[in-house]
Amino acid sequence: MGTPYVLILFYSKHGSIAEMAKHIARGVNSVGGIEAKVRQVPNVSETCEATTPEIPDEGSPYATLDELAECSGLALGSPSYFGTIAAPLKHFIDQTSMLWLTGRLIDKPACGFTSASSMHGGHEQCLHSMMTPLLHHGMVWTGLPYNNKALLSTTAGGTPYGASHLASNTDEHQLTNDEKSLCEAQGKRIAEMAIKLAK
Ligand SMILES: Cc1cc2nc3c(=O)[nH]c(=O)nc-3n(C[C@H](O)[C@H](O)[C@H](O)COP(=O)(O)O)c2cc1C
């Protein structure tokens, strides 16, 4: 059996979520005995099922259902689209019926991270919408507790429900220091929870 891993599974069209994923991975990899596996999902076509090359032109490799089944913990990342999960990530989740039927994800820790272009445009709501399917899978939701001081000082993203990024600046992918610190705290926490729950 290989090293246990936290799957960082995301969709990112313009790069903010991909940037957050790097900082979450850094947090995961700061914990001994577990590592980050960073995977994206492909976009979906507007008219029919898209066929994509197995290896994306850029960014992380595409996730497989086996990688989700085998993970010790999950960090799910989606841009906030009308306050909820972006369709490509929802499409991937909607292919997980077999994992639900076999209970493969029960008792594994999960967390969410999101990015939205307006301050009150759905950070919390999107994180809550990610929680729903993962609770159906029996996963244990882990938020971000307030001993992370950046939750009190942030003037951009960051919520107790999960890390978030406010993508309204000129360089919309650039995270603030507080946002980076909360992403790293989220990665560290999900890794520590994965180790605790595996015992
Ligand atoms: C279809 C669509 C819907 C969106 N809905 C919202 C929204 O409800 N609230 C918001 O603040 N931003 C919204 N946005 C902006 C994205 O959430 C934001 O640009 C995000 O940072 C994109 O992440 P990415 O750079 O990883 O693709 C929307 C963008 C698109 C394309």
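**Core, ligand shell and helix packing in the predicted model**

Leaving aside residues up to four places away in sequence, Leu74 is in contact with Val6, Leu7, Leu9, Lys108, Ala110 and Met139. The structure described here is a predicted model, and Leu74 belongs to its largest nonpolar core, which comprises 51 residues. Within this core, the residues with the most contacts are Val6, Ile8, Ala21, Ile24, Leu74 and Ala75. In soluble globular proteins, nonpolar side chains tend to be buried together.

The protein chain contains seven helices and seven strands, which follow one another from the N terminus in the order β-α-β-α-β-β-α-α-β-α-β-α-β-α. The C-alpha trace spans about 45 × 40 × 30 Å along its principal axes, and 44% of the 199 residues count as buried. Among the contacts with a separation of 6 or more, 75% are accounted for by residues 24 or more positions apart.

The ligand is surrounded by 18 residues, the closest of which are Ser12, His14, Pro79, Ala116 and Gly121. Two or more residues of this shell are given by each of helix H1 (16-29), strand E3 (73-81) and strand E5 (109-116). Strand E3 gives the most to the shell around the ligand, with three residues. By class, the shell around the ligand is made up of six nonpolar, eleven polar and one charged residues.

Helix H5, which covers residues 123-136, has His123, Cys126, Leu127, Met130 and Leu134 as buried residues. These residues lie on the same side of H5, because the arc that they cover around the axis is only 100 degrees. The buried residues of H5 pack against E3, strand E4 (84-85), E5, strand E6 (140-141) and strand E7 (163-166), whereas the face of H5 turned away from its buried side carries the exposed residues Thr132, Leu135 and His136. His136, which is found in helix H5, has 12 other C-beta atoms within 10 Å and is therefore exposed, the limit for this class being 12 or fewer. The C-alpha atoms of His136 and Gly103 are separated by 9.9 Å, although the two residues are 33 residues apart along the chain. Helix H5 is followed by Gly138, whose phi is positive, near 85 degrees.

Helix H7 (residues 177-198) contains Cys183 and also Met193. Cys183 has 31 C-beta neighbours inside 10 Å and therefore counts as buried. Leaving aside residues up to four places away in sequence, Cys183 touches Met20, His23, Ile24, Gly27, Phe113 and Ala163. One of these residues, Gly27, is 156 residues apart from Cys183 in sequence, with a C-alpha to C-alpha distance of 7.3 Å. Met193, with 20 C-beta neighbours inside 10 Å, also counts as buried, because the class requires 20 or more.

Phe82 is placed in the loop between E3 and E4, and with 10 C-beta neighbours inside 10 Å it counts as exposed. Asp107 is found in the loop between helix H4 (97-101) and E5, and Asp107 likewise counts as exposed, with 10 C-beta neighbours inside 10 Å.

Conventions:
Residues numbered from 1 in each chain as written. Predicted model: local features only at pLDDT ≥ 70, side-chain atom pairs only at ≥ 80, totals over all residues. Near = placed C-beta within 6 Å. Helix = DSSP H or I, 4+ residues; strand = E, 2+ residues; numbered from the N terminus. Nonpolar A, V, L, I, M, F, W, Y, C, P; charged D, E, K, R; others polar. Core = buried A, V, L, I, M, F, W, Y, C linked by C-beta atoms within 7 Å. Contact = placed C-beta atoms within 7 Å. Arc of directions from axis to C-beta.
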